[in-house]
Amino acid sequence: MAQPMHPANPVSDNSPSTGRTPAVLLLAGASVGGLVVIGALALWFHYGTQVFFEMIRTGFAACF
């Protein structure tokens, strides 16, 4: 007869870092997103609306 593949007493991870990885990744992603938004706003205020939108339009035209 076939025996089950999983152990009868599974080993649990009780380390302090258990479950922290998703929270750390979420925090890092939010930080990077926030920096991108702050950078975009800084460029917008520094160069003005017209130049800012022209740069975006030129970037899209270069990509597509």
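Phe 64 counts as exposed because its relative accessibility is 80%; exposed means over 50% relative accessible area, buried under 20%, and partly exposed in between, with a 1.4 Å probe and protein chains only. The model is predicted: local features need pLDDT of at least 70, side-chain atom pairs count only at pLDDT 80 or more, and totals for chains, interfaces and linings use all residues. Residues are numbered from 1 along each chain as its sequence is written, and side-chain values use heavy atoms, without hydrogens and water.

**Overall make-up**
- The protein has two helices and zero strands, where helices are DSSP runs (H or I) of at least four residues and strands (E) of at least two, numbered from the N terminus.
- Of its 64 residues, 2% are buried.

**Aromatic pairs**
- There are two aromatic pairs in the structure, meaning rings of Phe, Tyr and Trp (its six-membered ring) with centres within 6.5 Å; planes under 30 degrees apart are stacked, over 60 edge-to-face, and the rest tilted.
- Trp 44 and Phe 53 pair edge-to-face, at 5.2 Å centre to centre and 70° between the planes.
- Phe 60 and Phe 64 are stacked, because their planes lie at 20° with the ring centres 6.2 Å apart.
- Trp 44 is partly exposed at 31% relative accessibility, and Phe 53 is partly exposed at 43%.

**Position of Phe 64**
- Phe 64 lies in the segment after H2.
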